[in-house]
Amino acid sequence: MALLLILLVAAALPFALPSSVYEGQLGPTLQRMAHGNIKVGQYTFEYTPRPALVLQNVIIDNDPAVGKIDRIAVPINAYNVLNWGKALRDVEIEGGKFSPTFAISLPQRLKPEPETPRLTDLKLIKSSVVVGQGELGPVDGTVRFDQNGQLAELMITDSERHLELHIEPKEGVFALTLNASNWELPFGYPVKFDSLLLKGVGNSAGIVIEDIRADLYSGIVTGNGQLNWGDGWQLSGTVRSNGLQAEPFSQVFTKTTRSSGRLVGEANFVFKAADYPQLFDAPAIDAKLQLRDGILYNLDLVTPLKSQGSGAYHGGQTTFATVDTLLQIRPNVVQFSKTRIESGKYLAVGGLTIGAGQKLNGSFAARVNSGALVVSNQIQIAGTLDKTQFHTGAAYRPREGDAPAEPAPEAPAAQ
């Protein structure tokens, strides 16, 4: 009965007190708890879905660019009433937008002080970190504190519950673990992961990604990387792939000129930008790739060997046992160089560049050597990814003692 009476008084008290009381009593307390200036636009009280004191339009450090929160709800429950002034539980922050500097400083900003309430947890709802002109979020999450009121863990999930990020402060740094399942990359190309695990360590200058492990397109990707934001933004690292199904992976980039088979390889990547939203606009990727037992679609490098005269061709396909190539990706340019396509007695050597507007420029020397029968031809590739064009001369059938055809020159280097 006493507890019930206390709860009833607590529920009715807000209507009996003017808002100036909240501002005069809670304002200084909030500033001590957050180690900075906290400006509250309005104090209100709500009964549904549960009784709570609500702080609206909260500004941190007098600067919305540092932090702005649509609403903070402090429940009027038994725990908070009985521990008033000592501890708070189930506090909700909704519609928060924070700067990266403020987000990284949370362990210091929420460090408990004497004679201030100790937080046991914070619930984040549709909150974001504002990076440049873009946002990381909105996401939901939970901030948990230890028995001494120190920040112990931050757990963040996306709206569809496909991604979960754990951040744990440790001696001036952050230990980070990201788990994702059935998750599509939200930037660059929409590569879809069956599962993804990232582990790393972060501080105010950046994050070292110590371990990358992913399952996608029936294959495995491993690697490591580093993200720095001290002087502009830079993401760099190395990834290695094994056994990826090439067709669904290549269709992420183009639906027509694609490949089947299995993909293995290694790639080094660097992305640089002055601000985060532009980070993936200027890729610098260098890779060594091999495809096994598949088909090149919309690229017919066999028909020219049957030609009795010069001509032009479109589309088609090439079956291969292996394709070895070096891949270089730069802004508006993708280049395949030192490419070698083999299938039994068939061999094609050359290169291909995909430029602005997906225009193609490449050349290959193709040859079939079957004992006494040797056929070769030079193939020029033009057109676009959707509409490939091949120009050839007559197929060459050398007589006994003739020298074999020379390989085609490499495609023009990427600028």
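Predicted model: local features only at pLDDT ≥ 70, side-chain atom pairs only at ≥ 80, totals over all residues.

Me: What makes a pair of side chains a salt bridge, and how many salt bridges does the count come to?

Reply: The test is a distance: a side-chain nitrogen of Lys or Arg must lie within 4 Å of a carboxyl oxygen of Asp or Glu. By this rule the model has 10 salt bridges.

Me: Which residue forms a salt bridge with Asp 61?

Reply: The partner is Arg 109, with 3.1 Å between the closest N and O atoms. Asp 61 sits in the loop between strand S2 and strand S3, whereas Arg 109 belongs to helix H5, so the pair ties together parts that are 48 residues apart in sequence.

Me: Where does the salt bridge partner of Glu 247 lie?

Reply: Glu 247 meets Arg 258 at 3.1 Å, N to O. Glu 247 is in helix H6 and Arg 258 in the loop between H6 and strand S16, so this pair ties together parts that are 11 residues apart in sequence. Glu 247 itself is partly exposed, with a relative accessible area of 24%.

Me: What is the N to O distance between Lys 68 and Asp 70?

Reply: Their side chains meet in a salt bridge at 3.5 Å. Lys 68 is partly exposed at 31% relative accessibility, and Asp 70 is partly exposed at 39%.

Me: Which residues are linked in a network of salt bridges?

Reply: Such a network links Glu 46, Arg 71 and Glu 94.

Key. Residues numbered from 1 in each chain as written. Heavy atoms only, no water. Helix = DSSP H or I, 4+ residues; strand = E, 2+ residues; numbered from the N terminus. Buried < 20%, exposed > 50% of the residue type's maximum accessible area, 1.4 Å probe, protein only.
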